[in-house]
Structures are given as C-alpha cells and as structure tokens.
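Colleague: I am new to reading protein models. Could you take me through one?
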Amino acid sequence: MSDWDLGIVGGGAAGLAAGIFAAEANPKARVVVFDGARKVGAKILVAGGGRCNVTHHKIDARDYNAATRNFVKNVLASFTVDDTIAWLRDMGVELKREPTGKLFPTTDKARTVLDALLTRLADRGATLLTEHRVTSIEQADDSFVVRTPRGEHQCRRVVLCSGGRSLPRTGSDGGGYVLARTLGHTVGGTHEALVSMTLQQHFFHGDLAGISHEAEITTTADGKPVDRRRGSLLWTHFGVSGPLAMDASRHWLANKAAGREVKWYLNLLPDETFESVEATLLHMAEKTPKLPLRSTLKQWSTAESDSRSPLPEKVSEAVLWQTGVDDKTPLAQVRRDDRRKLVHALTNLELPVEQARGWNHAEVTAGGVPLSEVAWKTMSSRVTSGLHLAGEILDVDGRIGGFNFQWAWATGFLAGRAGVSA
C-alpha cells in the first residue's frame, strides 16, 4: 500500500491546482493526484471552444448561483483574478482580454494551459497517477484508504474534486457524489447548467440557424419572474444556444426539477418595452402611413445607429410569419389587434422549450455538496475530519465566461494548501 500525505481525487482544473499549491506550500509533503483517464484535462482542452477562457477580467460573487453568497465571496477574495493572471504568467502562460471580458491564453490554445499545469505539478514534485479511478474512500483512524483498480493508497488527508456530471465522456460522470456520500456528506439534486435548449419543432428556430444577436430572456415559474438576463442569443437547428440561453438554462431546469410550470419569454429588442415599441410604430404610422410593415421593421436591423441593439432582418421576418400578420400591409392600415400582437411577439415572445440537450452538452453541473457542510477557509469538510472538497463537486455554479474556472483555481488553492498544513 502506497503512503501519501495528501491524496487528490480528480485531475481536472481544481485537482491540478490543488496539487500544485499543496506541493508548493509544503515541498516535503508527498502529494498524489488520482485520475481515471489515460490523459487528464479533457475538460480544460474543450473549454472555450478549445481556447480555454481561464477566468474573467471582473468577477463578483453575484456571478455565481449558490445558497451562501458570502461563502463564494470569501473564497474568491482568497485567490483573485489578479492572482490567477500572475500564477499563470509565472508558469509561462500570458493572457489576453477579449471584449466580452473573457481571458484567454495569447496562443488561443487550451493545450498551452494544460501543459503548463502538468509541467508545474511535476516540477513541484507531486505525483500524477492516470488510469487510477478512485472506486472507494474509507476513513481509517487518522487517515484514509483510497482504493483504485490498481491498488490501495493510504492518504493522511484527501481533497475530493472529482467534478460533477457535466460532459461525462471526460470522466466527470457523478462518481464523486457517491464518494462524498460514503464519507458522510449529503448531495443536493443535480441538473445541467450552461447548456443549450431544444425548442418544439413547429417553431421558426430552424430557419434562423447560425444567426446571433442581443436579446433578453425572462424565466417564469408558476407565472412569476425568477430570472431575467440579457446577452447574446444564438439560434440553432435544434433550438437556442449562446451565452444568453446557456446562462438562463440552469434557472429553467432548476425550477422544472422543483415541479414548477416554467416558461421562457424572449425580448428581441432588449432596449425596448411593449409601450416604447408600440409608440414607435404609431409615430411611424403618422409619419410614413404607406410604408409596408415589413419595411418598418427594418429600422431595428440598423438600430446601432441610434444606440439600440440591431435585430437581424431574418429574425423580424420570422416573427411576422409566426404572428400571421401580413407584412405587406401599409403601416397606417395595420389593425390595432395585429399591431399589438406583433409588438407582444417582439418584446415578450414565448419560447416553446422542450428540454435541455443533456449532460453530454452541459458545461457545468448545478447542485452538489452543500456549502453548509464545508469550511471556506480550508475547504475542509465539517462532517469528516481530514477531508477537503473543491471545484464542481460543490453546490456552486457560475455563469459562462471563465467564472467556473476561477472557482476551480480558488478552491484548489485553499484546499491544496490546507491539505498539507501541520
């Protein structure tokens, strides 16, 4: 049986960070990272379209969904965005900031980030054991017995950071929750987050596949708004995607799982309201009464000139088709009911959501081990002495744009250092 001071279960972002910080905090400590894959870091390599947006230039606890906002705030303050930038630079990874605020390696290659992490882990003397999927962890006196198909390991302390259920093909298949439960923890209900959503086939999304634009989605549960957010929406052949839909997905799914009647309403003109759009159409009816309705809507296709978000012409045409309003009707002759039906579709269009695309397409897991069972300063378990938890296994999920990576780095920092303390 191998003997280690710290055993880290999971070689993802949080696990590699924990291993590096542990080995740096105590160079004499025997640190091992267990991972079931032959090659670690699959999630890192696919993040950000293969470019890996390692963090965001501005991060706040409000960017995360969590039961305890102060817990998240304290963790993020312990290892900040500036700390991440300096840490990666010290490993030879320079970052660049894009207009969205996302920070990517200047090489535009996720491999740059993964290689730097693996090199630093090895240079600091930590051991990485691939193809060592942890099947069980048993507490024995003042240490743990960590079992894998390749043998048993005795670890004085353990960091559990085996991820959630998102992208199971990368090895993140929920197995960590089983380990957490056997060690006394509870695991709240889990569901996909940051995932694209499918729409009913009768809708017009298929005709708009590939088109993206600014919009706003309001999620309602049992008729009451529970979330409203603005961002870039991408129409696809199966439904909707892009940062807006993916960020809003966890709110649709969480409320659906709670048995509520959930709906999505789309404002295609996020700078406008029902009243402002109707007022504009009435004004134009007086100014250009003979202008066909279809031509009128083109004003929102060039709206950037007056500081409004542009609406692609194909989208406005699809909305006209959906409402059944004749697009050739002169503006002054549009009936009041038809005008209001159109305005309603432009500012409060119900999206016929069917379901999420599933775990194979979800970037993050919502749910997991409750923060109430963890002490934030050390990420140590309040249930099992000597156990620490980090990363996605915890009931915290951030919005799209590098926020979940920052959570991984910060929790890995705290857990890794605490895991080798005296």
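Here is a short talk about the chain and some of its helices.

Modeller: Keep in mind that this is a predicted model.

Colleague: How many helices and strands does the chain have?

Modeller: The secondary structure comes to 12 helices and 23 strands. The C-alpha atoms fill a box of roughly 85 × 45 × 35 Å along the principal axes. Of the 422 residues, 55% count as buried.

Colleague: Which residues of helix α3 are buried?

Modeller: Start with the general idea. An α-helix has 3.6 residues a turn, so residues three or four places apart point the same way. Now take α3, residues 69–78. Its buried residues are Phe71, Val72, Val75 and Leu76. Seen down the axis of α3, they fall within an arc of 125 degrees, so they line one face of the helix.

Colleague: What is on the other side of α3?

Modeller: Asn70, Lys73 and Ala77 are exposed there.

Colleague: What do the buried residues of α3 pack against?

Modeller: Their partners are the strands β4 (64–66), β20 (374–375) and β23 (396–398), and the helix α12 (403–419).

Colleague: At what angle do the axes of α10 and α11 cross?

Modeller: The axes of α10 (residues 313–323) and α11 (residues 336–347) come within 10 Å and cross at roughly 130 degrees. That makes α10 oblique to α11. The crossing is right-handed.

Colleague: Which residues make the contact?

Modeller: α10 brings Val319, Leu320 and Thr323. α11 brings Lys341, Leu342, Ala345 and Leu346. Five residues of this contact are nonpolar, one is polar and one is charged.

Methods:
Residues are numbered from 1 along each chain as its sequence is written. This is a predicted model: local features need pLDDT of at least 70, side-chain atom pairs count only at pLDDT 80 or more; totals for chains, interfaces and linings use all residues. Side-chain values use heavy atoms; hydrogens and water are left out. Buried means under 20% relative accessible area, exposed over 50%, partly exposed in between (1.4 Å probe, protein chains only). Helices (H or I, at least four residues) and strands (E, at least two) are DSSP runs, numbered from the N terminus. The arc is that of the directions from the helix axis to the C-beta atoms. Contact means heavy atoms within 4.5 Å. Axes are lines fitted to C-alpha atoms, for helices over the stretch in contact, and angles run from 0 to 180 degrees between N-to-C directions. Angles under 35 degrees count as roughly parallel, over 145 as roughly antiparallel, 65 to 115 as roughly perpendicular and the rest as oblique. A crossing is left-handed if the near helix is turned anticlockwise from the far one by less than a right angle, and right-handed if clockwise. Ala, Val, Leu, Ile, Met, Phe, Trp, Tyr, Cys and Pro count as nonpolar, Asp, Glu, Lys and Arg as charged, and the others, Gly among them, as polar.
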